[in-house]
Amino acid sequence: MATFDKQKYLYKRPHALADVVTNYCPGCTHGIVQRLVCEVLDELDIEGDTIGVCPVGCSVTAYDFYNCDMAQAAHGRAPAVATGIKRALPDKVVFTYQGDGDFASIGTAESIHIAARGEKVTTIFINNAIYGMTGGQMAPTSLPGQVTQTSPYGRDVAYSGYPIRVCEMMQSLDGVAFMERVTVDTPSHIRKAKKAIKKAFQYQLEGLGFSLIEVVATCPTNWGMTPQAAFKWMEENMIPYYPLGNFVDVKAEATEEAK
Amino acid sequence: MAKVLMKGNEALAEGAIRAGCRHFFGYPITPQSELAAYMAKRMPKIGGTYLQAESEVSAINMVYGASAAGVRVMTSSSSPGVSLKGEGISYLIGADLPCLIVNVERSGPGLGGIQPSQGDYWMSTRATGHGDGHVLVLAPNSVQEMADFAAKAFELGDRFRMPAMILADGLLGQMMEPVELPEELDLADLPEKPWALTGTKLEREHHIANSLAMEPQDLEDMVLSRRERYRLIKATEQKCEQIMVDDAEVVVVAFGAASRIALSAVNAAREQGIKAGLIRPITLWPYPVDAVKAAAQHAKAFLSVEFSTGQMVEDVRLAVNGKCPVNFFGHTGGIVPDPSEALEAIKLSLERADSGEDFEILPFESKLGLDGSFGKPQAYAERTA
């Protein structure tokens with residue numbers, strides 16, 4: 001017979017996750033990813049030494065959702081702000097949390113150069129192929145043919161250009177220590193995503209360089225779908241264009257070379 | 001302490017280091033390059049950070065991050081680069097973060113030229129970025145002051161939790177003068193920043209560096225409380241140098257390198273028996289309104305001398321408030337005025353003091369013989385007809 005003193009929590013709010021109501025829409029994947037980040041901060045016991053940087057976009061007020069110290073950055077500038085913090089406090093853990101408009105459009109220069117410098121910072125990059133907070137405009141990662149508020153007839157690549165595959169683009173930069181593309185549509189994918197996020201922070205703690213996790217995500221509100229339909233659309237349309245998997249792992253490469 | 005011969009840009013860099021600055025983020029631009037180069041050489045030797053950013057925009061946002069983390073941090077640039085920093089400066093103001101921004105001005109607009117100018121007076125004192133805020137602005141006029149003002153700027157910025165700017169120009173940045181370097185501050189004596197993002201250690205509530213307020217009432221409260229701080233600064237921090245102003249009939253107002261030309265002209269006027277004096281604003285924001293107002297009680301005319309087509313002259317007019325004419329003389333495009341030209345403008349100011357009308361002398365018009373038609377729209381129309 002089980003005794004009460006052997007009982008323990010199997011699932012509870014991570015300490016790093018603030019006990020507040022978020023401003024995310026029903027079915028939005030931001031909540032899952034932020035929870036994963038907080039679970040990792042707890043498990044690595046680094047919440048008290050971590051400073052996060054939130055972007056402009058739907059997660060603009062994420063400074064209220066984390067219990068660690070937080071800076072709010074101008075649109076696209078989170079990598080620069082994170083660099084300033086890390087250079088001032090090299091012993092602290094620094095992460096940015098950014099969407100596709102922030103990281104892959106207005107902040108492209110900052111994004112590429114934080115990676116090129118090998119800044120010991122972790123970036124969580126949410127790719128949901130649309131501008132969420134401003135009401136559903138075409139993003140740098142919107143798919144060819146995708147209908148948005150500013151591509152009402154579908155994204156015409158001959159006119160508006162092609163989507164950017166961030167991991168593939170940044171793969172050639174030597175400053176990147178770890179880079180993986182994940183998603184959070186199923187329990188097994190969520191577990192994989194958490195493992196990748198944890199590794200990204202661990203590589204930072206080991207001083208190996210810049211680490212980036214791209215999360216292929218949904219935006220049911222601006223895609224005009226139910227959460228279930230959004231996951232289905234994502235699986236059928238986004239994952240083929242943005243294949244999941246690891247792009248850079250300097251430790252694995254070192255092991256490979258040793259062989 | 002023995003004096004050393006230094007370039008203005010290098011003196012400012014050394015002054016900043018001695019004021020406890022250990023973090024510099026910048027992007028190359030003429031004519032401030034020696035400042036960044038000096039930092040690149042010195043910082044690694046003293047455990048500091050010199051980081052060349054990918055852009056001016058990135059550099060100012062690195063400053064934002066380092067300032068939020070609680071250290072004394074600076075960036076330096078020149079006019080077009082400071083335009084690019086405007087966004088970041090606005091965020092620094094909005095998040096109440098102190099830092100030092102150096103502008104070694106060149107002439108504009110656009111790419112303009114790399115010669116000295118004061119064309120960024122409006123940008124510095126009025127609108128360093130979007131929104132409703134200010135930065136402190138200090139204007140050195142010698143290599144000695146380039147060395148000394150970094151400490152002043154950091155002290156003011158930390159005390160009032162806002163960015164401070166040193167507005168220099170290519171002349172001050174590039175010229176060499178003997179300078180007595182300021183005392184080195186002990187890093188342990190720098191003011192504490194209990195608001196900084198240093199990690200909670202799970203011992204306190206989290207700190208947030210932020211300029212966003214979703215509720216209009218919250219934002220108005222934030223902006224108004226900043227406004228209170230600005231009032232206090234205007235009441236207590238106005239600084240200027242006054243030379244022979246007490247009995248002056250013509251009060252020349254000039255800042256930075258232009259003030260040295262203006263002083264030569266004032267001295268020459270005195271030799272010719274003209275009662276001229278000089279007010280040299282040291283703080284451009286807050287503007288030394290009180291000194292100008294006091295001088296307006298006895299002056300017959302004011303003359304603003306600037307390396308621009310007339311920007312600070314508007315602040316002089318606001319302070320004089322119609323008591324007497326406020327005239328303007330300036331060169332732009334990187335041309336440094338000759339004191340003899342400024343002397344002519346002083347004489348003209350006295351001659352026309354009773355007219356009650358302001359005038360401006362720009363080189364294009366003075367070449368036409370100072371016939372009184374300069375600056376008048378109909379004169380331009382006749383010339384171009």
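Which strands make up the open sheet of six strands in chain B, and in what order? Keep that in mind as you go through this predicted model.

**Stop 1: the sheet.** Select β11, β13, β12, β15, β16 and β17 of chain B, in that order. That is the strand order of the open sheet, and the pairing is mixed. Now look at the edges: β11 (240-243) and β17 (360-361) of chain B each have a single partner strand, so one side of each has no neighbour in the sheet.

**Stop 2: a parallel pair.** Stay in the sheet and show β12 (250-253) and β13 (276-281) of chain B. The two strands run parallel, joined by four bridges. Pick Val252(B): its bridge partner in β13(B) is Leu278(B).

Stop 3: Check the length of α9(B): 16 residues span 24 Å from first C-alpha to last, close to the 22 Å expected at 1.5 Å a residue. Colour the buried residues of α9(B), among them Ile261(B), Leu263(B), Val266(B) and Ala269(B). Gly256(B) and Ser259(B) are also buried. Just after the helix, stop at Gly273(B), where phi is positive, about 85°.

**Stop 4: two domains.** Colour chain B by domain: domain 1 covers 4-236 and domain 2 covers 240-384. Their C-alpha centres lie 30 Å apart.

**Stop 5: chain A meets chain B.** Now show both chains. Here 30 residues of chain A are in contact with 34 residues of chain B. On chain A, select β1 (50-54), β2 (69-72), α2 (78-88) and α4 (108-116), which each give two or more residues to the side that touches chain B. The largest share, eight residues, comes from α2(A). This side of chain A divides into 15 nonpolar, eight polar and seven charged residues.

Stop 6: Finish on β2(A) and β10 (208-209) of chain B. Two bridges join these strands, which run parallel. Select Met70(A) and its bridge partner in β10(B), Ile208(B).

Definitions and conventions
Residues numbered from 1 in each chain as written. Chains lettered and ligands numbered in written order. Predicted model: local features only at pLDDT ≥ 70, side-chain atom pairs only at ≥ 80, totals over all residues. Contact = placed C-beta atoms within 7 Å. Nonpolar A, V, L, I, M, F, W, Y, C, P; charged D, E, K, R; others polar. Pairing = 2+ DSSP bridges. Expected span 1.5 Å × (residues − 1). Buried ≥ 20, exposed ≤ 12 C-beta atoms within 10 Å, placed from the backbone. Domains from an automatic or database assignment.
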